[in-house]
Amino acid sequence: MGKTVSFLQMKDGTRDDYLMLDKSERDFAVGLPGRVMESLARLDHSLEGYKVSRLEHSLQSATRAEADGADPEMVAAALIHDIGDELAPYNHAEIAAGLIRPYVRAEVTWVIEKHGIFQMYYYAHHLGGNRNARDEFRGHAWYGACDRFCESWDQASFDPDYATKPLQYWEPLVREIFGRKAHDPRYVKAAA
């Protein structure tokens with residue numbers, strides 16, 4: 001184990017302690033793209049019942065987004081939109097949005113955060129739920145973007161015969177997006 005802080009309670013920490021921890025955190029963050037790739041790979045053995053794995057679904061979503069001409073941030077979002085399924089099956093969209101939020105514009109984060117509600121349009125009525133829960137957001141500037149995300153890429157990506165690009169294809173994009181400086185105002189800003 002490397003160098004450790006001097007304190008047992010954060011309130012007792014020194015400037016040197018926090019400088020050391022800040023450097024450690026920045027060094028750790030460099031490995032985020034690799035951990036995102038590993039987490040995506042684990043989706044190949046998750047939720048059963050669909051004709052494709054969660055990984056294949058994610059790869060299809062990203063492939064469709066790219067084919068439709070989506071920008072790199074939105075394509076990366078399509079790739080990771082269900083990455084939270086393993087640990088947060090009932091709020092996975094919030095997990096994915098939290099993961100991507102420091103690296104992309106607010107519109108992309110909003111779409112990922114809300115996609116679970118928008119997806120309910122396709123199935124909730126079969127389970128006694130409100131398929132129109134998304135109507136709460138009608139009039140929002142990014143409603144159309146989320147509707148398109150779900151209609152064109154998310155709900156459509158369960159086809160085992162769809163020509164899907166493999167996980168390795170997406171590694172440069174993952175490294176580009178998640179290798180950005182967190183909260184960089186060049187990327188993390190509201191749409192005009």
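The model is predicted: local features need pLDDT of at least 70, side-chain atom pairs count only at pLDDT 80 or more, and totals for chains, interfaces and linings use all residues. Residues are numbered from 1 along each chain as its sequence is written, and side-chain values use heavy atoms, with hydrogens and water left out.

The largest pocket has a volume of about 660 Å³. Grid points are joined across faces, edges and corners, and the volume is the space filled by probe spheres set on the points. The lining of this pocket comprises 25 residues, a lining residue being one with an atom within 4 Å of a point. R54, P89, H92, G116 and Y123 lie nearest the pocket centre. Helices α3 (54-67), α5 (92-100) and α6 (106-119) each supply at least two lining residues. The largest share comes from α6, with six residues. Helices are DSSP runs (H or I, at least four residues), numbered from the N terminus.

D82 sits in the loop between α4 (72-80) and α5. Its relative accessible area is 2%, so D82 is buried (buried means under 20%, exposed over 50%, partly exposed in between; 1.4 Å probe, protein chains only). The side chain of D82 makes a polar contact of 2.9 Å with the side chain of H92. A polar contact is a pair of N or O atoms within 3.5 Å; within protein, one must be able to donate a hydrogen and the other to accept it, and residues adjacent in sequence count only if both atoms are side-chain atoms.

Q155 lies in the loop between α7 and α8. Its relative accessibility is 26%, so Q155 counts as partly exposed. A polar atom of the Q155 side chain lies 2.9 Å from the backbone oxygen of E151. Contacts of Q155, not counting residues up to four places away in sequence, are Q119, Y122 and C150. Q155 and R54 are 101 residues apart in sequence, yet their C-alpha atoms are 12 Å apart in space.

The structure holds 17 salt bridges. A salt bridge is a side-chain nitrogen of Lys or Arg within 4 Å of a carboxyl oxygen of Asp or Glu. One of them joins K165 and E66, with the closest N and O atoms 2.5 Å apart. K165 lies in the loop between α7 (143-154) and α8, and E66 in helix α3, so this pair ties together parts 99 residues apart in sequence. Both partners are partly exposed: K165 at 29% relative accessibility, E66 at 28%.

R134 pairs with D147, the closest N and O atoms being 2.9 Å apart. This bridge links R134 in the loop between α6 and α7 to D147 in helix α7, 13 residues apart. R134 is buried at 8% relative accessibility, whereas D147 is partly exposed at 25%. In the bridge between E113 and K114, the closest N and O atoms are 3.6 Å apart. E113 is partly exposed at 27%, and K114 is buried at 15%. D71, E73, R105, E107, E176 and R180 are linked in a network of salt bridges.

D17, in helix α1 (residues 15-29), is buried yet has no salt bridge. The nearest side chain of opposite charge, K3, is 6.5 Å away (Lys and Arg count as positive, Asp and Glu as negative; His and the chain ends are not counted). The side chain of D17 instead makes a polar contact with the side chain of S6, at 2.6 Å. Outside four places in sequence, D17 touches V5, S6 and F7.

H183 lies in the segment after α8 (167-178). With a relative accessible area of 53%, H183 is exposed. Its contacts, not counting residues up to four places away in sequence, are P102 and V188. The C-alpha atoms of H183 and Y103 are separated by 6.1 Å, with the two residues 80 apart along the chain.

Key: Contact = heavy atoms within 4.5 Å. 1 Å grid on protein atoms, 1.4 Å probe; cavity = no way out; pocket = protein on both sides within 12 Å on 5 of 7 lines; lining within 4 Å.
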